[in-house]
Amino acid sequence: MWIGNRVRITIGRASDNDIVLGDLQVSRRHARLERVGGAWRLTDLGSRNPTLVNGVPVAGRSPIADGDRITVGATDLRVDGDNLVATGGERTRLVADDVGFSVGSRSLVSGVSLDLRPGQLVAVVGPSGAGKSTLLKVLSGEVAPTSGRITYDGYDMHRQRAAVARRVGVVPQDDVVHTRLTARSALSYAAKLRLPDDTGAAARRRRVTETLAEVELTEHARTPIHRLSGGQRKRVSIALELLTAPSLLMLDEPTSGLDPALDKQIMGRLRELADAGRTVVVVTHNVTHLDECDLVLLLAPGGVPVFSGRPAELRARFGTADWADIFQRVVAGTAPPHQPAPVGPAPPPE
């Protein structure tokens, strides 16, 4: 995207902007670049999702320097001379480096290191008290680690929260949808709240329709949620997060209370969502369908990693692929020590 020696450049979703971004979280008129003297100044145009420079919301006309990273919606643009270069995409990584979380003297998560990329489905498993849900809260940015660091696409997940929050979708264990609404109505109300204010009714309807199709609920769009099966209700909760097309999706026990057939169905759908280019992290107590995953992180009580690798590597590590036996050894503290792979720094934005 060449900006050259022009005096004013508009950025937004509408087709008549100088720089048009199809990002669902970008307003029709989102931001404006103006040349003042020999330098550029950036102004946010009152968007629902504020424009950021290097992870900080702009105030007034903010100066822009070569190398700065401008965040518009969930899209990053790096200033490179007279060009704006889109960054992120397939190199986007979630990196956890020796992460721990404690409350007082009690350690809930300890020494977790991960390097996750787009297209991966990652399962976090372990016995009760292993800190699985706590780790998910830390990885998603909801809770800051007490040690270590987490970055997403080069941003600190906690110190630069504003830059990454819109890229992360979190599905809690308990569904938060109004069960008397239909699936379409629930998503329609959510779309009004989450999409930019200037998104037209037709565009919102189109996005709701696309999202229902993405979770295979088109034929149940007009069914009240309380009449849906447990697996279908969970897919409505997932759809609420997919409305804004997050690149990182995290789910806490999405198959809790579901029978084995529905568990398989949900895990298969998560596999498809990852294959579409997202990073998907799921906390689960059900180990039956972990062969769908690219990576399994096994935690011992206290949130201590015991294994991190592909499901097929379990037998070589433990001498068995029987999860009941593995969990028993983890609880007893007789599992072989974990040797985490070194985590390097996230690559610089493109």
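This passage describes the overall fold of a predicted protein model and the surroundings of helix α5. In the model, local features need pLDDT of at least 70 and side-chain atom pairs count only at pLDDT 80 or more, whereas totals for chains, interfaces and linings use all residues. Residues are numbered from 1 along each chain as its sequence is written, and side-chain values use heavy atoms, with hydrogens and water left out.

The protein chain contains 8 helices and 20 strands (DSSP runs, H or I of at least four residues and E of at least two, numbered from the N terminus). Along the principal axes, the C-alpha atoms fill a box of roughly 70 × 50 × 35 Å. Of the 350 residues, 50% are buried (under 20% relative accessible area, with a 1.4 Å probe and protein chains only). Among contacts (heavy atoms within 4.5 Å) with a separation of 6 or more, 60% join residues 24 or more positions apart.

Helix α5 comprises the 13 residues 230-242 and reaches 19 Å from its first C-alpha to its last, close to the expected 18 Å (1.5 Å times one less than the number of residues). Of these 13 residues, 11 are buried, including Val236, Ile238, Leu240 and Leu242 as well as Lys234, Arg235 and Glu241. The buried residues of α5 pack against strands β16 (168-171) and β17 (248-252) and helices α3 (183-194), α4 (201-214) and α6 (260-275).
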